[in-house]
Every structure is written in C-alpha cells, then in structure tokens.
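Here are my notes on the model, point by point. Please read them with the structure open.

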Amino acid sequence: LALLAACPASADDRGAADALNARARSAYDGGDFAAALDLFKQAWGKVQLPKYLFNAAKACVRLEATEAALHYYARYLAASPAAADRGAVEAEMKALRGTLHGRGLIRLPVASTPAGAAFTVDGVVHPEIVETPAERWLPPGDVVVAATLEGRVGASRTVTLAVGRAASVTLDLPEPPGQGRLTVDAPPGAQIRVGGRSAAPGEALELPPGDHALRVDLPGHQPWLDTVILAPGDDVRVTAT
C-alpha cells in the first residue's frame, strides 16, 4: 500500500488518521477488505493524504468493486498529479476499464457546474461515487442523471447510452432566482395576508418571484383583495383601500 508525504494538518487529525490507517492496513492484511475501505475513507476524512485514496482503490479491487476502484484511482491521481507511480496506476485503470467494457457496460462521465454536486442515476446513489465530477459504468439504454447542490437549483437530464457511441453529461446548477419585496400599506388594525403569510401594515415581505394573492381585513369594512406579480429584484408597494 502506498506511503506518501503528509500534507499540513493538526497533530490531533494526523494522529487520528494514522490510527485509522493502521487499523485499515490490519483489516486489509486480514482479508476484511470492506472494513479496510471504510477505515481508509475515514482516514481521508481526517487528513487528505492521497495515499488513503490509493489504498481505498486497492481495497475496492480486492472487493471486485471495479467501478469504485476506478473512481478512487482517478481521485488519487487528481490529488497527487506528480505521483511516481502514475504510469502504473494508469495502466491498472486501463485494465479495469477493459473489464467493465467486457461486461457490456458503457462509460458515462458526469459533471456539473459548479462541481461537487451530489448526483443519482435513475434515482439511485452509488455507495462510493456520490459527487461530480465522476464517471459511471452503466448498461445500454436511457438513464436519468440528476444533480443537487446546496444553494443551487437542481437539474436532471436523460442520456441514451449505446455501444460504440461516446456519451457524457454536464448539468448546470444555476443560482435560485432573486427574491422580490412587497409592502402593503393599510389602516392601523388591518390584518394583511399574502398567500400563507401575515404582515403588519407597512411591513416589507421578501417573497419569491411569481403571483401573490393579497387579502386585507379590517373590522367594519369589506375585505380588500388583489394579486401582485413579483419579478426578481422587484420592490413593490401597494395601498389597500
């Protein structure tokens, strides 16, 4: 298993990662590759040393989790672009891809803008391959790839996979539309409802774009009803009479 120089981290984190790595190596040597994989991943969570990704890939190879092994090898090379064993790793990745091709599976690179989105294929999350950018190996046919990222609008796309035809998908995850502002002026004591929200007379509400139904009630008066259409960035003021 690989041993590379440590990256900056706190002494506590390094110590915890070293302990996890030692337990993982023991599990690996004892043939418990699933436990080793989990421990290598925990070590990576403490200190981002490329060796933990390399070791995770080796554990996946022993588990015959070929797709996951490719995933961790790719992450290892991305985290350690000057790795001395790059040629050997790339050769093993080529062999693993050949194995997947031999099973009739098709490579599908999945990316998003911005990167780091959680993604699913046909609504299913792979146990190891969970964030973009990544690649999946799937049987021919139509698949639905969906991605989500906190603070962004999710997206999905149907991709057709066919033997002999390259495919890839990049999902754009835009920022949500800006809010609009609505203020309703009404006599003191009036009760103002904007959709399912209440407000005091003269109180500004931040609302999403779209149609908003207004109702103002005041004892001894007929209700006042209206609809306001807000666009992103609008600042609208209406008076109930």
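1. Treat every value below as computed from a prediction.

2. Lining of the largest pocket. By residue class, this lining divides into nine nonpolar, one polar and four charged residues. It has 14 residues in total. His71, Ala74, Pro133, Ala134 and Glu135 lie nearest the pocket centre. The pocket holds about 240 Å³ of space. H4, helix H5 (86–102), E1 and E3 each give two or more residues to the lining. H4 gives the largest share, with five residues.

3. Second largest pocket. Its volume is about 170 Å³. Which residues line it? They are Lys41, Trp44, Leu53, His71, Tyr72, Arg75, Pro127, Glu128, Val130, Glu131, Thr132 and Pro133. By class they split into six nonpolar, two polar and four charged. Helix H2 (33–46) and H4 each supply at least two of the lining residues. H4 again has the largest share here, with three residues.

4. His71 and Pro133 are among the residues nearest the centre of the largest pocket.

5. Cis bond at Pro133. The peptide bond between Thr132 and Pro133 is cis, with omega about -5 degrees. Pro133 sits in the loop between E2 and strand E3 (134–138).

6. Cis bond at Pro114. Thr113 and Pro114 are also joined by a cis peptide bond, with omega near 0 degrees. Pro114 belongs to the loop between strand E1 (106–113) and strand E2 (118–121).

7. Positive phi at Glu64. Glu64 is not a glycine, yet its phi is positive, near 60 degrees. The residue lies in the loop between helix H3 (50–62) and helix H4 (66–79). Is Glu64 buried or exposed? Glu64 is exposed, at a relative accessible area of 65%.

8. Positive phi at Asp122. Asp122 has a positive phi too, of about 55 degrees, and is likewise not a glycine. Its place is the loop between E2 and E3. Asp122 counts as partly exposed, at 46% relative accessibility.

9. Helix H3. H3 has 13 residues and spans 19 Å from its first C-alpha to its last. That is close to the 18 Å expected at 1.5 Å a residue. Why call H3 largely enclosed by the rest of the structure? Because 10 of its 13 residues are buried, where buried means under 20% relative accessible area. The buried residues are Pro50, Lys51, Tyr52, Leu53, Phe54, Asn55, Ala56, Ala57, Ala59 and Cys60.

10. The E4–E5 hairpin. Strand E4 (residues 141–148) and strand E5 (residues 155–161) run antiparallel and are joined by seven bridges. Gly141 stands opposite Leu161 in E5. The two strands form a hairpin with six residues between them. In the turn, Gly151 has a positive phi of about 85 degrees.

11. Three-stranded sheet. This open sheet has the order E10-E7-E13, with mixed pairing. Its edge strands are strand E10 (204–207) and strand E13 (235–239), each pairing on one side only. Neighbouring strands are turned by 25 degrees against each other on average, direction ignored. Strand E7 (residues 180–185) and E10 run antiparallel, with four bridges between them. Within that pair, Leu182 has Leu205 of E10 as its bridge partner.

12. Ile192 stands opposite Ala199 in E9.

Methods. Residues are numbered from 1 along each chain as its sequence is written. This is a predicted model: local features need pLDDT of at least 70, side-chain atom pairs count only at pLDDT 80 or more; totals for chains, interfaces and linings use all residues. Side-chain values use heavy atoms; hydrogens and water are left out. Buried means under 20% relative accessible area, exposed over 50%, partly exposed in between (1.4 Å probe, protein chains only). Two strands pair if DSSP finds at least two bridges between them. Axes are lines fitted to C-alpha atoms, for helices over the stretch in contact, and angles run from 0 to 180 degrees between N-to-C directions. On a 1 Å grid over the protein atoms alone, a cavity is a set of points where a 1.4 Å probe fits but cannot get out, and a pocket is an open set with protein on both sides within 12 Å along at least five of seven lines; lining residues have an atom within 4 Å of a point. Grid points are joined across faces, edges and corners, and a volume is the space filled by probe spheres set on the points. Ala, Val, Leu, Ile, Met, Phe, Trp, Tyr, Cys and Pro count as nonpolar, Asp, Glu, Lys and Arg as charged, and the others, Gly among them, as polar. The expected span of a helix is 1.5 Å times one less than its number of residues.
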